[in-house]
Amino acid sequence: MNIDLKRYELFGWDYEHFAPLTDKEVVWYKKFAHRTGGPVLELACGTGRLLTSIAKEGYEIVGIDLSTNMLHLARGRTSQLPPEVKKRIQLYNMNMSDFQLKRKFGLIFIADNSFRVLKTKEQQLSCLKCVYHHLRPDGKFLMTERRFDPTKFVNGRREIPWSEPIRHPLSGDLVKRKIEIQLTKNGKRMHGVMLYKTGHANGSETVEKCPFEIPVMLKDDYISLFSEAGFSPRVFVGYEEQENDEKNSILCFVCDKSE
Ligand SMILES: C[S@@+](CC[C@H](N)C(=O)[O-])C[C@H]1O[C@@H](n2cnc3c(N)ncnc32)[C@H](O)[C@@H]1O
């Protein structure tokens, strides 16, 4: 399967600088853990930053991710936890569009733009069918994705300039990140590249290019996919669950299994 994992394999440590977790986000997921009583499954769990917070609340949680490096970072994080919290967490190297865990969950979620890494409708539906299969009849399925904002593109292009230097957690080298994105296929897809420039201790510089391709998805595209996979979705804007708020870019989907 054609999946853009290079960015996560080489620069997974940067994800939390690039997209910091907010308190509101953590509170939102915890609220649903309380409501459903768990157990919880997080798809594309990355460095485990959300799942550790949920395990600390007393819930059993399974995290799956396709990147061995992201799971390595997640295991590093869970190894710091008290043993009674750590034992509630299980991590697996699995593909979210084709997994089998042989148990059901009260809460399943895909956080922070992680669903859109699936490039085709086939992969997306396959993922949602796996979710359906693993969700208890009274369970909740949550997804959060950033709303596509066409005003950020000029002539179909967007550039996020070089970041301030960030220190590599192991080598201590200073690393900068830049993102270039182009709309393709009549605005239906985004082709992009994340550039990482590393300044080494000997004065040399290297640039690593991590390409990515993601579909452009609007609110109604998600809703029709969820319905096709057997869910009744509700959509809110932002973690405070506004019905509509043009200023907030986070779409929060809350899905039940359809009757
Ligand atoms: C945008 S990051 C978000 C990580 C995490 N959800 C968070 O909020 O911190 C996307 C994650 O999806 C993972 N990923 C990409 N394709 C995947 C797939 N097919 N199955 C499972 N994980 C995948 C990447 O390795 C990466 O950890």
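L195 is found in strand β9, residues 189-199. Helices (H or I, at least four residues) and strands (E, at least two) are DSSP runs, numbered from the N terminus. The model is predicted: local features need pLDDT of at least 70, side-chain atom pairs count only at pLDDT 80 or more, and totals for chains, interfaces and linings use all residues. Residues are numbered from 1 along each chain as its sequence is written.

Stay with L195 for a moment. L195 counts as partly exposed because it has 14 C-beta neighbours inside 10 Å. Here is the scale: a residue is buried if 20 or more other C-beta atoms lie within 10 Å of its own, exposed if 12 or fewer, and partly exposed in between, with C-beta atoms placed from the backbone. Which residues does L195 touch, leaving aside its neighbours within four places in sequence? They are R177, K178, V207 and K209. Two residues are in contact if their C-beta atoms, placed from the backbone, lie within 7 Å. K209 is 14 residues from L195 in sequence, and their C-alpha atoms are 4.8 Å apart in space.

Now turn to helix α3, residues 23-36. The helix has 14 residues, and at 1.5 Å a residue these should span 20 Å. The expected span is 1.5 Å times one less than the number of residues. The end C-alpha atoms of α3 are 20 Å apart, which agrees. Which residues of α3 are buried? They are E25, W28, Y29, F32, A33 and T36. These residues cover an arc of only 135° around the axis, so they sit on the same side of α3. The arc is that of the directions from the helix axis to the C-beta atoms. An α-helix has 3.6 residues a turn, so residues three or four places apart point the same way. On the other side of α3, D23, K24, V27, K31 and R35 are exposed. The buried residues of α3 pack against β1 (40-43), α4, β4 (105-110) and β5 (135-146).

What comes on either side of α3? T22 is in the loop between α2 (15-18) and α3. T22 counts as exposed, because it has 12 C-beta neighbours inside 10 Å. After α3 comes G37, with a positive phi near 80°. The peptide bond from G38 to P39 is cis, with omega near -10°. P39 lies in the loop between α3 and β1.

Helix α7, residues 121-134, gets the same check. Its 14 residues should span 20 Å at 1.5 Å a residue, and its end C-alpha atoms are 20 Å apart, which agrees. Q124, C127, L128, C130, V131 and H134 are buried in α7. Seen down the axis, they fall within an arc of 155°, so they line one face of the helix. K121, E122 and H133 are exposed on the other side of α7. The buried residues of α7 pack against β1, β4, β5 and α8 (219-228).

Next comes the core. The largest nonpolar core has 50 residues, of which V40, I54, I61 and I108 touch the most other members. A nonpolar core is a set of buried Ala, Val, Leu, Ile, Met, Phe, Trp, Tyr and Cys residues joined through C-beta atoms within 7 Å. In soluble globular proteins, nonpolar side chains tend to be buried together. Beyond its neighbours within four places in sequence, I61 is in contact with P39, V40, E42, L51, I54, A55, R88 and I89.

Finally, look at the ligand. How many residues surround the ligand? There are 23, and the closest are A44, G46, S67, M96 and D112. The elements that give two or more residues to this shell are α4 (49-56) and β2 (61-65). The shell divides into 13 nonpolar, seven polar and three charged residues. Ala, Val, Leu, Ile, Met, Phe, Trp, Tyr, Cys and Pro count as nonpolar, Asp, Glu, Lys and Arg as charged, and the others, Gly among them, as polar.

A44 lies in the loop between β1 and α4. A44 has a positive phi of about 55° although it is not a glycine. Most residues other than glycine have a negative phi. A44 is buried, with 23 other C-beta atoms within 10 Å. D112 is found in the loop between β4 and α7. Phi of D112 is near 55°, a positive value in a residue other than glycine. D112 counts as buried because it has 20 C-beta neighbours inside 10 Å.

Key. Near = placed C-beta within 6 Å.
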